[in-house]
Amino acid sequence: MKKSPILITLALVVFAIFPLVVKDQYYMHIAILILYYALVSQAWNILSGYSGQFSFGHAAFFGTGAYTSSILFTKLGMSPWIGLIIGAVIAAVIGLFIGYLSFRFKLRGVFFSLGTLAFAEILRIIIQNFDVFNKTLGVLIPYKPDPLMFQFSSRTTYYYIILIFAIAVTALVYYISRSKLGYNLVAIRENEDAAQSLGVNTYKNKMIAIAISASLTAIGGTFYAQYMLFIEPATTFSNDVSINILLPAIIGGAGTVLGPIVGSLIIIPIGELTTTWFGNFVGVNLMAYGVILILVMLYLPEGIVGWFQNKFGKKKSAKKNKDSSISGGEEVGTLKN
Amino acid sequence: MLTLILQSLVDGILMGGIYGLVAIGLTLIFGVMKIINFAQGALLMLGMYISYWSFIYLGINPYLSIPLSAISLFFIGALIQKTILSKMLNAPEHNQLLVTLGIMLVIENLALILWSPDFRSVKLDGFIQTLNIGGIGVNVPKLIAFIAAIVLSIALFLFLKKTMLGKAIRATSINRNGALLSGINTNRINYIAFGLGASLAAIAGSLITPFFYTSPTVGATFILKGFVVVVLGGLGNFIGAIIGGLIIGVSEALGGAFLPGSLKELMTYIIFVIVLMAKPNGLFGGKAR
């Protein structure tokens, strides 16, 4: 990343002036989706990409964010901006609870994945059965444009807000990846027992990762609710949501800073294009995701950015990297017992 | 009150047999290849459609189309193993999980495109739907499915214990390299194991067609329960899978009788989480693998 500040600046400029150049509302919508998926996938990346604890249940945090701000807004008239923060806090608490149960009892690998899947389902069933949450009907958020109420008359404003969110979270992930926390997480991913024996408090680090990951995912949930103005259990708490959250990071490269953005830039347009071209057939976009997922797993198991780093990053800095095998995004696949 | 409990018990046990059957396929695949197959529910759904279309177009009773769906899915399963999973055997386990997730997405959405999201059901004429035994209704198609599930598990158990091929499958599941050194073609065993796992899903699908709606997303209902049952019984443990299925079936039925709305579904996942925490190797832990 350090090598290409020009490229990063260029990308930022493109993102920043995009709404000035492109006026088409449909393309604006796609751009917002790209940034929004980059955001939630980046949040997922912190826990799953870096520490290797693959969550298949991030819908739990996403839905928590969406529902917290929306219920507080519709029932109490509280501004979703405050709801966003409360939602993030509640999601962090839920994340810590899931983390406590999972990590204290040493759920690893696929068991953790299946456990998170179950937790998301538990939350969905709870939401669907209590009147406060309008059961399966969902929550309709009345449209009254007011910046203080996180509602805007122009799509462009939504665009810039999600752009700022996505950049902030990506910067945070970059910062984490360079921090002690980041190195600890990667060490846990590569070999948890070895990390522990070297004095890394694996439990504490994983708990920090899940709390950050959960609260950032919840922020994505609040944004989704305010942008779509309608949420229901099926679009916030279902497995499909969890899958959509993890896909960009997996395709782009889990455990890399740019992976979720690259993944989102690739799969969201493909999903939207296939939906437009084959609009009569529901599910074409998900089928395309499935095909891409299979191909990436077969041929680029570390994702696009991971592959790129292995191919081009190593050559230049092979000597530097030799003594530190834990430089992010590499060798995800080598350790398996 | 007592009738209600007994009725729930009967319903739960019958449904539990089906969950067990789905789980046996999962556990067989896991036992041999150490892969948790997310696509198992989608394969079950394909089995259901084969029986459904055979019934609609050819008028074949779903029970008679079981061989058709079992054999078709055996080849589809073996094909998936050959083209995709055989290349993933040494990949990290979460990547294996993700690739089967991709397979699930492809199969389910292909079905959605081909056959629309409609819920379809088969109405069998001239067929006794419920038997009344001492005030307790026994759903006949469910009873048949339950009996078939038990017979199949016993048959599979004997096949693995007594036949050469079964022994080769078990040898591969215990130690792949050891099996290879003893002259077992482990690649072939993988095809057979995945094919068998897919057939079991298809048979379960055909068996439930007479009393369960057929739709492209029906697999999701079963795959989650399948995971729960498999973990409950211990991954790779056949008898455990059946017992796990019965536990989930009964707890769900009792939950349905006493909890409002769809809260009964909570039972399954809460049991799952507790088992994951307390006995991650399953209730009969240690024996697994």
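Helices (H or I, at least four residues) and strands (E, at least two) are DSSP runs, numbered from the N terminus. By this count, chain A holds 15 helices and 2 strands. The radius of gyration, taken over C-alpha atoms, is set against a globule rule of 2.2 Å times the number of residues to the power 0.38. For chain A the radius is 20 Å, close to the 20 Å that the rule gives for 337 residues, so chain A is as compact as a globular protein of that length. The structure is a predicted model, in which local features need pLDDT of at least 70, side-chain atom pairs count only at pLDDT 80 or more, and totals for chains, interfaces and linings use all residues. Residues are numbered from 1 along each chain as its sequence is written, and chains are lettered from A and ligands numbered from 1 in the order in which they are written.

The C-alpha trace of chain A spans about 60 × 50 × 40 Å along its principal axes. A residue is buried if 20 or more other C-beta atoms lie within 10 Å of its own, exposed if 12 or fewer, and partly exposed in between, with C-beta atoms placed from the backbone. Of the 337 residues of chain A, 52% count as buried. Two residues are in contact if their C-beta atoms, placed from the backbone, lie within 7 Å. In chain A, 76% of the contacts with a separation of 6 or more join residues 24 or more positions apart.

An unreviewed UniProt entry places the feature "transmembrane region" at several spans of chain A, including residues 54–74 and 80–103. UniProt positions follow the numbering used here, feature names are shortened, and annotations may be inferred rather than shown by experiment. Residues 54–74 of chain A are 76% helix and 0% strand, with end C-alpha atoms 34 Å apart. Residues 80–103 of chain A are 100% helix and 0% strand, and their end C-alpha atoms lie 32 Å apart.

Ala225(A) lies in helix 9 (residues 202–228) of chain A. Ala225(A) is buried, with 30 other C-beta atoms within 10 Å. Beyond four places in sequence, Ala225(A) touches Ala66(A), Ser69(A), Ser70(A), Ile141(A) and Ile231(A). Gly65(A) is 160 residues from Ala225(A) in sequence, yet 8.7 Å away in space, C-alpha to C-alpha.

A nonpolar core is a set of buried Ala, Val, Leu, Ile, Met, Phe, Trp, Tyr and Cys residues joined through C-beta atoms within 7 Å. The largest such core has 199 residues, of which Ile162(A) and Leu293(A) touch the most other members. Helix 1 (residues 2–33) of chain B gives the most to this core, with 15 residues. Outside four places in sequence, the contacts of Leu293(A) are Leu247(A), Ile250(A), Leu98(B), Leu101(B), Gly102(B) and Leu105(B).

The contact between the chains takes 36 residues from chain B and 35 residues from chain A. On the side of chain B that touches chain A, helix 4 of chain B gives the largest share, 15 residues.

In chain B, strand 1 (residues 130–133) and strand 2 (residues 136–139) pair in the antiparallel sense over 4 bridges; pairing requires at least two DSSP bridges. The two strands form a hairpin with 2 residues between them, and Gly134(B) in the turn has a positive phi of about 55°. Ile133(B) stands opposite Ile136(B), and Thr130(B) opposite Asn139(B).
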